[in-house]
Structure formats: C-alpha cells, structure tokens
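Take a look at the model below. This report walks through its core, its aromatic rings and one of its helices.

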Amino acid sequence: MTGITEAQPESHEGHAEASDRSNVWKNQAHRSRFSSYTTYIHANEGNGTAMTHTQIAILMLATLGLPGLAMLIAGIVIITIQRGKARRCTAVTTGWVIDYRFPGGDQFYPVIGYQVDGRNYKVNRRFRGYVTTSNITPLNPYVDSGAYVSDKDMLHISSGMVTNYRTMAQQLWPQGSTMPVYYDPKNPTHAFAQRVPNYMPPVGIIFSAFGVATLLATIAMSFVMLA
C-alpha cells in the first residue's frame, strides 16, 4: 500500500514573511511611480508657468503695444504732412474774413476767403494753441472782450460766467478785414492764413508722445513678465 504523505500546512511565520516582502515591493513600486509622476508634474508646471508669462507678454504687446505703435505712426504722419504742406505754400495773396467758427471748449477762429486765378477758396485761421484765463467777478459776470493773439501764435481768451465769443471774434477780426494767405501754387486749396506755421502741430505731438509712452511702458512690462 502506497504511503501517503500528508501535506504539512505552511507555517504562519513563513506566510507573514512573504506577505511583508510583497508589501515592501508594492510600496517601493508605488513610491517609484509617485516620484516619477511628481518629477513630471513639476517639469510641466515649470513649462506651463513660462508659457503663461510668454502668452501674457504677447497679449500685452498686442493689446497695448500695437495701439501705441499706431498712435506713434499717426503722429509722425500728421507732422510730416503739415511740414510738407508748409514747404509748398510759397505763394501769397490777400484774403478777407468771411465768417467765424466756434467748435466749443473756449475756442474760436475766423474763416478767410481768398481768390487764385479767379476761383474762390477759403481757409480756417488756425493757432498754435489756446490759453483761457478765467475772469469771473460777481459784479461783472459777462465777458465779451480781452482776447488777443500772442507772438507765439497762441490765442488768449478771457472767459467769465457768460462769455460772448462772437463779439470777441468780431473785435479781433472784423467782417471783411484783410489777412495774408499763403498757398500752394500747384494746389491752392492747401493754404495757411496770417502765417505759415514753423512748429509741429499739437495733435501730432500728442499722438507721438502718447504712442511712445505706451510702447515703452508695454515693452518694460513685457520684459518684467518674461524675466
């Protein structure tokens, strides 16, 4: 009769040791995967931060830098056009005051009519700028005089609680009074009344200055973002 050997039950100590080894391997594997994942996350976070700053810098340049550049170009164009126009206005004729304009904001100027080769033209008398002085007194709230043009081609205006700009304009430039007009012989519609300006137009200066300031500020902020 063949002998049967009974299987000896596995000892509790051996099973526990094997289980411990398995847990150690699993923990090591988990730690290894977690370490690799953490390294990957940190690397991607770094790349993500750099990309975010780059995108912000590009957005700033697009939203602020381009308008600033456009204003700078517009200012340069305005200045260039007036300088070219002034150089071409070499002919002179006698014009006369035909009307007045009151655009608001304590500003007014006369409209000058003139003739070239039998054809009628008109040009607005422009100034380098306007200087307004407040002259409000309880005893005399009404102002209708005191305006004058300085040697620097600035129109100085006195204003009160009630200001009659039309009366001021008529006092400075009576209807029908004469004024020299400088015009372009090849294009008589291009003209200046009273004098040919030898200064840059204020609008061109404002546009150029604001454009440069916006560009410099945008570039500086972009460098800070990318640093």
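Over the ring of which residue does the charged end of Arg126 sit? That ring belongs to Tyr109, and the charged end of Arg126 lies 4.4 Å from its centre. The model is a predicted one. A second ring also has a charge over its face: Lys85 lies over Phe192, at 4.7 Å from the ring centre.

**The nonpolar core**

In soluble globular proteins, nonpolar side chains tend to be buried together. Here the largest nonpolar core has 23 residues. Those with the most contacts inside this core are Phe108, Ile112, Tyr114, Val123 and Trp173. Several elements give two or more residues to the core, among them strand S1 (91-101), strand S3 (119-124) and helix H2 (165-172). Strand S2 gives the largest share, four residues.

Leaving out residues up to four places away in sequence, Trp173 touches Val97, Tyr100, Phe108, Tyr109, Pro110, Phe127, Val149, Leu155 and Met179. Trp173 also belongs to an aromatic cluster, together with Phe102, Phe108, Phe127, Tyr130 and Tyr165.

**Aromatic pairs**

The model has seven aromatic pairs.

| Pair | Distance between centres | Angle between planes | Type |
|---|---|---|---|
| Tyr114 and Tyr121 | 5.5 Å | 25 degrees | stacked |
| Tyr114 and Tyr183 | 6.4 Å | 25 degrees | stacked |

The pair of Tyr114 and Tyr183 links distant parts of the chain. Tyr114 is in strand S2 and Tyr183 is in strand S9, 69 residues apart.

Are these tyrosines buried or exposed? Tyr114 and Tyr183 are both buried. Tyr114 has 0% relative accessibility, so Tyr114 counts as buried. Tyr121 has 17%; the cut-off for buried is under 20%, so Tyr121 counts as buried too.

**Helix H3**

How far apart are the end C-alpha atoms of helix H3? They are 36 Å apart. Helix H3 covers residues 202-226, which is 25 residues.

Which residues of H3 are buried? They are Gly204, Ser208, Gly211, Thr214, Leu215, Thr218 and Ser222. An α-helix has 3.6 residues a turn, so residues three or four places apart point the same way.

Note on methods: Residues numbered from 1 in each chain as written. Predicted model: local features only at pLDDT ≥ 70, side-chain atom pairs only at ≥ 80, totals over all residues. Heavy atoms only, no water. Core = buried A, V, L, I, M, F, W, Y, C linked by side-chain atoms within 4.5 Å. Buried < 20%, exposed > 50% of the residue type's maximum accessible area, 1.4 Å probe, protein only. Contact = heavy atoms within 4.5 Å. Expected span 1.5 Å × (residues − 1). Phe/Tyr/Trp six-rings, centres within 6.5 Å; stacked < 30°, edge-to-face > 60°. Lys NZ or Arg CZ within 6 Å of the ring centre and 35° of its normal.
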